[in-house]
Amino acid sequence: MFYDLRCGNERTLVVGGGPAGSACAWRLAAAGRPVILAEKENMPRRKVCGGILSSRAAAFLTGSGMVTAEEMDGLTLRTHLTISFWDRGEHLRTYTAPGRPVRIVPRAGFDAFLLERAASCGADVRTGCRVESFSDPRTAVTGSGERLRFTHLVGADGCVSMVRRLISGRRSRKTGMGLHYDIPMEDFPSPPVDLEVHFGRIPYGYIWVIPGRESVNLGAGALGSPASPSDIVKALGRFMEEKDLHAGDHELHGAPIPSLNLDRSLGKGKVYLAGDAAGTVDQVSGEGIGQALESGMMAADCISAGDRREEVLAAPGSCLESVRQSVFYRHLLHGRLTRGTAMRAIRDSEVFAEAYWDIISGNGSYSGIFLRVFS
Ligand SMILES: Cc1cc2nc3c(=O)[nH]c(=O)nc-3n(C[C@H](O)[C@H](O)[C@H](O)COP(=O)(O)OP(=O)(O)OC[C@H]3O[C@@H](n4cnc5c(N)ncnc54)[C@H](O)[C@@H]3O)c2cc1C
């Protein structure tokens with residue numbers, strides 16, 4: 001077996017080839033460190049997602065060197081600058097941002113591209129390779145019975161992470177839920193042009209309308225909500241009826257979303273967590289791609305820094321800080337005592353609408369937004 005001499009006998013096993021795993025493997029490979037990535041699916045694989053990529057995430061990808069600006073544009077289906085806000089059917093406001101777009105990316109192709117980028121940089125990428133179990137603390141066993149030895153383990157294996165279960169000893173019960181339909185443009189009596197957010201239809205959640213190039217992603221998500229998946233499906237069904245759409249004509253896709261379970265130290269010891277496995281989803285917007293990329297590279301940087309987590313994770317302005325802050329703002333937006341004020345604020349003040357846009361487009365921190373809104 002070949003090991004890079006500069007790294008002694010070090011070898012990292014990354015479990016999962018979504019954005020978190022690919023970013024982590026790419027960063028390690030780019031630093032000349034031996035890394036193997038196991039992804040259980042063959043790529044491209046379907047991923048339940050709205051496909052929104054914030055400008056912060058796009059800038060992070062190009063700034064890190066993983067993707068060029070031209071490639072980023074090639075991966076983008078379309079961009080949006082305008083969003084309309086609704087509360088229980090009432091139109092609150094339409095806001096157009098001056099030049100801070102969000103992108104819509106096709107998740108299957110986007111994820112496959114990033115994984116390929118990690119492979120071309122030197123990561124040993126195995127697709128169709130499920131990590132089933134661990135025979136000892138340094139050996140993973142795959143579905144085909146192969147044993148993969150490692151010195152460092154990165155769990156980038158999504159919301160229902162087996163690696164997280166391994167280090168915490170229990171399955172995380174804190175998950176939210178997201179469901180969506182992909183509806184061809186021509187099925188809409190009047191096709192939507194801009195992003196739409198509909199509050200007040202699901203506790204601690206919202207319905208979204210995300211126009212892509214040829215279809216519209218119409219979905220709903222709830223984080224830390226008392227709403228069950230069937231409540232969300234019913235809310236979506238009612239919404240679609242109002243739009244003269246028939247839910248039964250379209251396929252429903254759903255997946256859990258991490259909720260209120262951020263692991264701020266990204267694992268422990270030589271076992272790291274990244275992306276959904278670490279609970280890095282923003283609790284206001286539900287954005288998780290950008291945070292998966294950032295936390296994946298942070299895990300890689302911790303390994304490269306000789307497991308000195310504190311140095312890497314304490315960096316100001318990290319996604320870990322903003323996910324932690326988002327928990328508070330989620331309560332302001334959806335809490336029983338504050339949601340009315342929040343809705344009126346969006347309706348009556350451009351500053352609040354702008355602040356919400358800054359959250360979904362990833363421009364600015366929660367603390368910066370707070371100062372702007374209350375100054
Ligand atoms: C309905 C919905 C809509 C969303 N919309 C958006 C959006 O518009 N914008 C946004 O930024 N975020 C969105 N998110 C969140 C976003 O999809 C996730 O946060 C993001 O995919 C996290 O990336 P990840 O790499 O951590 O995990 P994943 O993308 O889930 O990747 C994990 C990978 O691990 C693999 N895996 C799992 N177990 C094993 C194993 N044992 N062995 C090998 N491989 C394994 C899986 O096959 C998978 O490919 C949405 C989520 C949902 C549910």
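Colleague: How many residues surround the ligand?

Modeller: This is a predicted model, where local features need pLDDT of at least 70, side-chain atom pairs count only at pLDDT 80 or more, and totals for chains, interfaces and linings use all residues. Numbering runs from 1 along each chain as its sequence is written, and side-chain values use heavy atoms, with hydrogens and water left out. Counting a residue as near if one of its heavy atoms lies within 4 Å of the molecule, the closest include Glu-39, Arg-45 and Asp-276, and the number surrounding the ligand is 38.

Colleague: Happy with that! What is the distance from an oxygen atom of the ligand to a polar backbone atom of Ile-289?

Modeller: A polar contact here is a pair of N or O atoms within 3.5 Å. The side chain of Lys-47 has an N or O atom 3.0 Å from a ligand oxygen, and a backbone N or O atom of Gly-288 also lies 3.0 Å from a ligand oxygen. For the polar backbone atom of Ile-289, the distance is 2.9 Å.

Colleague: Nice. What share of the ligand's exposed area does the protein bury?

Modeller: Areas follow the Shrake-Rupley method with a 1.4 Å probe. Taken alone, the ligand exposes 1,000 Å², and the share buried by the protein is 93%.

Colleague: And by class, how many residues of the shell are nonpolar?

Modeller: Ala, Val, Leu, Ile, Met, Phe, Trp, Tyr, Cys and Pro count as nonpolar, Asp, Glu, Lys and Arg as charged, and the others, Gly among them, as polar. The shell has 10 polar and 10 charged residues, while the nonpolar ones number 18.

Methods
A polar contact is a pair of N or O atoms within 3.5 Å; within protein, one must be able to donate a hydrogen and the other to accept it, and residues adjacent in sequence count only if both atoms are side-chain atoms.
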